[in-house]
There are 2 protein chains.
Amino acid sequence: MSDRVFTQHLGGKIEIKSKIEIHNRDDLSIVYTPGVARICMAIHESPEKSFDLTIRKNMVAVVSDGTAVLGLGDIGPLAALPVMEGKAMLFKKFANVDAFPICLATKDVEDIIKTVKNIAPSFGAINLEDISSPRCFEIENRLRTELDIPVFHDDQHGTAAVMTAALINSLKLVHKKMSDIKVVVNGTGAAGIACTNMLLDIGVKNIIGCDRKGALHQSRNDLDQTKKDYLSRTNPNNESGSIHDVIKGADVFVGVSSSNILTVDDLKNMNKDPIVFAMANPDPEIMPEIALPHVAIMATGRSDYPNQINNVLAFPGIFRGALDCHAADINAEMKLAAAFAIANCVEENALTRDHIIPSVFDEKVAPAVAAAVIKAARKTGVSRK
Amino acid sequence: MSDRVFTQHLGGKIEIKSKIEIHNRDDLSIVYTPGVARICMAIHESPEKSFDLTIRKNMVAVVSDGTAVLGLGDIGPLAALPVMEGKAMLFKKFANVDAFPICLATKDVEDIIKTVKNIAPSFGAINLEDISSPRCFEIENRLRTELDIPVFHDDQHGTAAVMTAALINSLKLVHKKMSDIKVVVNGTGAAGIACTNMLLDIGVKNIIGCDRKGALHQSRNDLDQTKKDYLSRTNPNNESGSIHDVIKGADVFVGVSSSNILTVDDLKNMNKDPIVFAMANPDPEIMPEIALPHVAIMATGRSDYPNQINNVLAFPGIFRGALDCHAADINAEMKLAAAFAIANCVEENALTRDHIIPSVFDEKVAPAVAAAVIKAARKTGVSRK
């Protein structure tokens with residue numbers, strides 16, 4: 001227990017800080033009773049003022065039930081808490097968003113929805129995190145509908161936005177168009193489905209999703225409703241077979257599931273100038289040193305290789321923007337605007353196969369994403385200021 | 001909206017602060033993925049470690065449904081939020097306890113219980129606040145039983161502990177014993193019941209509770225179960241009548257309900273050396289300038305008169321102690337220990353009729369309360385370290 005990782009976690013990684021100091025009775029009577037009563041009554045008369053006069057203006061709940069934590073799986077809410085604390089640190093560091101971890105002692109979908117709705121008065125937005133698929137879809141959809149504050153499942157849309165940003169820039173390098181490419185997505189869980197949806201939104205026509213049994217196609221009789229819905233939007237040529245079959249002729253591989261599933265032969269079977277986003281954790285679908293001789297562009301989720309596809313490029317700026325324009329929702333247009341903003345943080349003359357996305361420490365990114373998100377929110381009518 | 005009270009509330013009064021700075025990929029890999037995975041798995045194997053390796057070590061939820069806020073009543077969760085933020089500031093200032101406001105969009109008892117249980121993995125203790133009576137009793141009792149972390153309704157026990165501290169010191173000045181005095185408690189809601197229970201715990205034999213209809217006595221046929229239970233422990237001589245009747249011969253008046261209900265005649269009808277704790281908000285049951293010529297000791301809840309009976313003398317130290325000894329509960333012994341500790345912060349030679357309790361800014365109080373609470377927790381077997 002004495003190494004640096006453990007010592008840095010002792011007592012948790014975040015704390016509460018007062019924004020105003022209390023030195024005397026006068027201070028006390030302003031921030032607490034009796035002075036605070038006027039603020040209470042102002043909000044009681046106009047509930048919307050809670051977004052100006054309370055922490056709701058800048059506070060996000062990072063909500064997890066601990067069912068799909070990192071690559072560790074269903075480790076429960078207590079074990080998930082250190083991750084959610086880390087997430088709160090990233091919100092603060094990269095976009096000055098206050099975030100508080102809410103780890104839930106329930107896995108029941110209705111119970112989760114009810115609980116988040118019940119605690120929503122303390123928050124300006126909800127970030128869902130590490131909730132397993134397909135439960136995450138209903139939870140997010142229902143909460144988006146039933147709450148008047150933004151609800152965003154980062155494992156879906158954060159991943160999708162950064163992956164899409166990476167693809168926007170990659171296609172500039174290989175001179176291909178979104179409408180012309182064939183994309184194979186390995187993994188049809190939360191991240192895979194969200195990546196697919198965003199690629200469809202940006203104009204990709206031919207996407208083939210694969211689960212552990214291979215491509216989703218019309219003759220599969222083992223697909224649940226989520227996968228049937230997925231199939232209805234994808235695989236226009238109804239290709240069948242394993243990942244190794246359908247990757248033939250593909251321009252892009254998007255991996256969000258199984259480590260070490262790709263071979264050099266798979267890469268050789270792809271179309272000219274293959275693009276491989278091998279984002280499985282902790283080990284990618286193929287290691288960069290093996291893939292690099294055979295691909296045009298290689299990206300992973302790891303910080304120890306170039307082109308790290310990391311959600312932290314997206315979620316801080318997305319929430320910063322949504323909070324600042326008091327958005328009622330984070331819609332598809334706002335997510336896509338975030339992807340373009342991230343892509344545009346790499347200037348054309350700096351764009352190389354080893355630099356398709358900005359560094360996670362590039363301080364330009366979050367403000368650029370926030371500005372783009374606000375613009376899209378206003379354009380689509382979900383901003384409230 | 002431009003005065004100081006409003007400007008100080010803009011954007012809320014608390015924020016989230018990282019305890020560790022993130023400067024580079026190395027830092028990131030310790031507080032977030034991949035390093036954090038080892039902490040997650042350590043907690044997954046030993047859930048108890050969540051109290052050392054996460055915010056649970058020092059984090060209290062300040063939970064309200066907004067049904068009984070200050071003297072404002074049922075103003076709802078959004079309007080209650082500024083009060084809960086203020087409470088969080090007091091926790092931090094007076095005892096370095098991190099506290100986060102959870103305002104609930106439900107008034108249903110079962111729903112509140114379920115919600116608090118669901119979010120408990122993020123917290124080391126629960127402070128219930130401004131929840132109306134009698135719902136608050138079931139909520140607190142059930143949560144105390146069903147959770148393994150301390151649950152404490154401050155409107156009940158914080159008020160009771162400070163009032164009891166004030167009475168302990170007052171009796172020293174008038175040379176009376178707890179077992180000999182007659183006490184009239186006006187208000188049989190959350191605070192009145194808790195004050196009564198603590199007075200019984202400390203040895204008072206003759207307590208008469210009054211509601212809006214006067215004394216609770218055996219011939220009343222309009223009492224709900226909470227009041228029947230109250231009556232079963234009180235009014236041994238079955239006195240009946242209005243507050244003005246039963247106050248005759250009383251040594252102590254404890255008011256937690258109705259402003260301006262007492263008259264000078266009432267005070268004159270009390271026993272020799274009357275003690276009046278007129279704690280109604282915002283105006284006491286009788287103003288000190290009117291009462292003072294006729295009483296031995298006068299205290300209120302207000303900061304602009306001597307002898308302020310303010311919960312802030314109790315709850316920060318009580319939670320500090322409970323968290324530090326990893327208590328499973330805050331039991332009656334611990335609450336009573338807090339009362340004695342607060343009383344003892346006024347040294348015998350400093351004790352006067354205008355100084356029966358310490359100032360809210362007396363920095364000795366919270367540590368003294370915490371130490372006493374830890375001692376009582378260990379003695380009663382609820383501490384876990």
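## Contact between the chains

Contact here means heavy atoms within 4.5 Å. In this predicted model, 90 residues of chain B are in contact with 89 residues of chain A. The area buried between the two chains is about 8,900 Å², and carbon and sulfur atoms give 67% of that area. B:Glu15, B:Ile16 and B:Tyr32 supply 9% of the area that chain B buries against chain A, more than any other three residues.

## Relation of the two copies

Chain B is superposed on chain A by a rotation of 180° with 0.0 Å of shift along its axis, at an RMSD of 0.0 Å. The two copies are thus related as by a two-fold rotation axis. The same surface serves both copies, since 99% of the contact residues of chain B recur in chain A.

In one salt bridge, the side chains of B:Arg4 and A:Asp27 meet at 3.3 Å, N to O.

Several elements of chain B give two or more residues to the side that touches chain A, among them α1 (4-9), β1 (14-18), α2 (25-31) and α5 (77-95). The most is given by α5(B), with 13 residues.

## Nonpolar core

The largest nonpolar core has 258 residues, of which A:Phe100, A:Phe277, B:Phe100 and B:Phe277 touch the most other members. Leaving aside residues up to four places away in sequence, A:Phe277 touches residues including A:Met163, A:Leu167, A:Phe253, A:Ile297, A:Ile309 and A:Ile356. A:Ser170 and A:Gly255 are also among the residues that A:Phe277 touches.

Notes. Residues are numbered from 1 along each chain as its sequence is written. Chains are lettered from A and ligands numbered from 1 in the order in which they are written. This is a predicted model: local features need pLDDT of at least 70, side-chain atom pairs count only at pLDDT 80 or more; totals for chains, interfaces and linings use all residues. Side-chain values use heavy atoms; hydrogens and water are left out. A nonpolar core is a set of buried Ala, Val, Leu, Ile, Met, Phe, Trp, Tyr and Cys residues joined through side-chain atoms within 4.5 Å. Buried means under 20% relative accessible area, exposed over 50%, partly exposed in between (1.4 Å probe, protein chains only). Copies are superposed by least squares on the C-alpha atoms of residues with pLDDT of at least 70 in both. Buried area is the accessible area (1.4 Å probe) that two parts lose on being put together, summed over both. A salt bridge is a side-chain nitrogen of Lys or Arg within 4 Å of a carboxyl oxygen of Asp or Glu. Helices (H or I, at least four residues) and strands (E, at least two) are DSSP runs, numbered from the N terminus.
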